[in-house]
Amino acid sequence: MLDSETSFICQLATEAGQRVLSDFQPGRPVRYKPDGEPVTDTDRAINTFLVTELQRRFPDDLIVSEEAEDDDARRRALAHRVWFVDPIDGTREFIAGNGEFSVMIGLCVEGCPVVGVVHQPTTGKTWYANPHGAWLTQGNTCRPLRVSSVNHIPDMTLAASRSHRNRYLTAAAQRLGIQKEIISGSGGLKIGLLVEQRADLFISASTRSKLWDTAGPEAILRAAGGVLTDFQGRPLDYRQPNLHHRAGLIASNGLQHAAIVAQVCDLFPPA
């Protein structure tokens, strides 16, 4: 089930990653979108490449991508299959040259993320999943993925944002008694930390995250046994009219997810 889609997008993300690396150098021109987010010519070129190849392979599917200007919300709400594309997740990290960025593709069927890939060009790591499971490949190695079994919230390691940390995230970590953090750029890479059992929890107290930021990573997290919701504990809605996740994100190994939500749900979005 969906094995051909999985194989195709893994190859596609890897090829895109090689193209990204060819532009990975200081001094690239940077523009800024109306919301203040940076964008480079590389973002746009990789976006065009990914969308073109997906359209060629799956002409009947809808494709929603970060660098496209249009989004037909009604068509997206009715479509059976929708691909979400983020050509460079972590553009700030790409610009900074720290390597913490990724290429992400996710497929939602009837609004549910079922296939996903996150590829980190600088390490060659590829996390991917479909309904059969989740795996990590690097070089000639491939291993199955499963979230951790850490059950005590203060013992959990938090995967935290390098570029978008704010007081709401700090307050949430303090309330949960979190003592250990791993800082990373791309949201997809933070989900990678969870499914590799290097972290147990990821919190994004921001309204900037959009559907393409989570579709691929959520498919991987779910296949590895984890859970992703908003701050109110609600499942993410990929058929919503708005592209933004307005109520933040909480990803965990699932063992104490409801308890985590109960402790922090009043912190974000702020009243």
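## Charges over rings

A charge is taken to sit over a ring if NZ of Lys or CZ of Arg is within 6 Å of the ring centre and within 35 degrees of the ring normal. In this predicted model, Arg19 meets that description, lying over the face of Phe49 at 3.9 Å from the ring centre. A further case is Arg81, whose charged end sits over the ring of Phe58, 5.4 Å from its centre.

Across the whole structure, the search returns 9 aromatic pairs. Among them is the pair of Phe24 and Phe94, which is stacked, with 5.8 Å centre to centre and 25° between the planes. Phe24 belongs to the loop between α1 (3-22) and β1 (30-32), whereas Phe94 belongs to helix α4 (residues 91-96), so this pair ties together parts that are 70 residues apart in sequence.

Phe94 also forms an aromatic pair with Phe101, and this one is edge-to-face, at 5.2 Å centre to centre with 90° between the planes.

## Exposure of the paired rings

Buried or exposed: how does Phe94 count? With a relative accessibility of 3%, Phe94 counts as buried, and its edge-to-face partner Phe101 is buried too, with a relative accessible area of 1%. Phe24, the stacked partner of Phe94, is partly exposed, its relative accessible area being 26%.

Technical notes. Residues are numbered from 1 along each chain as its sequence is written. This is a predicted model: local features need pLDDT of at least 70, side-chain atom pairs count only at pLDDT 80 or more; totals for chains, interfaces and linings use all residues. Side-chain values use heavy atoms; hydrogens and water are left out. Rings of Phe, Tyr and Trp (its six-membered ring) pair if their centres lie within 6.5 Å; planes under 30 degrees apart count as stacked, over 60 as edge-to-face and the rest as tilted. Helices (H or I, at least four residues) and strands (E, at least two) are DSSP runs, numbered from the N terminus. Buried means under 20% relative accessible area, exposed over 50%, partly exposed in between (1.4 Å probe, protein chains only).
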